[in-house]
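My notebook is open and I want to get my bearings here. I'll jot things down as I look them up.

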Amino acid sequence: WGVIDLPIGKDTDSPASIEKPWMRRMKVDGEGARPSLTEWRLLASHAGPPCARSLVLLKPRTGRSHQLRVHLHASGHSILGDEIYAQEEDIASSAAVVGGEPRL
């Protein structure tokens, strides 16, 4: 098992947090960050078109808001279809993978 051990807190600078405070975006080392631990295991990977992607098993050991999304984003591997945390090019690639407009 791999481990992501990064504290998570509120992202008070995010436009999404400012426009929709009830849907606050979180980030590593954000305001009021608390310890957060996620264990992960690679189950499969695919390097071919339209984008590289992996299937991982995730075990959150703490229960922070958006923990899995924040930890994967911070490790450089956003969740397919995640419109809040993924980069624009990742969102476009995920649409090609699933054949449409994915939403998380």
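I started with the lining of the largest pocket: strand 5, strand 6 and helix 3 (88-98) each supply at least two residues of it. I'm working on a predicted model, where local features need pLDDT of at least 70, side-chain atom pairs count only at pLDDT 80 or more, and totals for chains, interfaces and linings use all residues. Residues are numbered from 1 along each chain as its sequence is written, and side-chain values use heavy atoms, with hydrogens and water left out.

Terms, for my own use: helices (H or I, at least four residues) and strands (E, at least two) are DSSP runs numbered from the N terminus. A pocket is an open set of points on a 1 Å grid over the protein atoms alone, where a 1.4 Å probe fits, with protein on both sides within 12 Å along at least five of seven lines; lining residues have an atom within 4 Å of a point.

Next I looked up the space in the largest pocket, about 650 Å³. It has 21 lining residues, and Ala52, Arg53, Ser54, His77 and Ser78 are the closest to its centre.

Then I followed the strands. Strand 5 (residues 37-46) pairs with strand 1 (residues 2-5) in the antiparallel sense over four bridges; pairing takes at least two bridges found by DSSP. Val3 has Glu39 as its bridge partner in strand 5. Strand 5 also pairs with strand 6 (residues 53-60), antiparallel again, over eight bridges. There I found Arg53, from the pocket lining, as the bridge partner of His46.

How values were computed:
Grid points are joined across faces, edges and corners, and a volume is the space filled by probe spheres set on the points.
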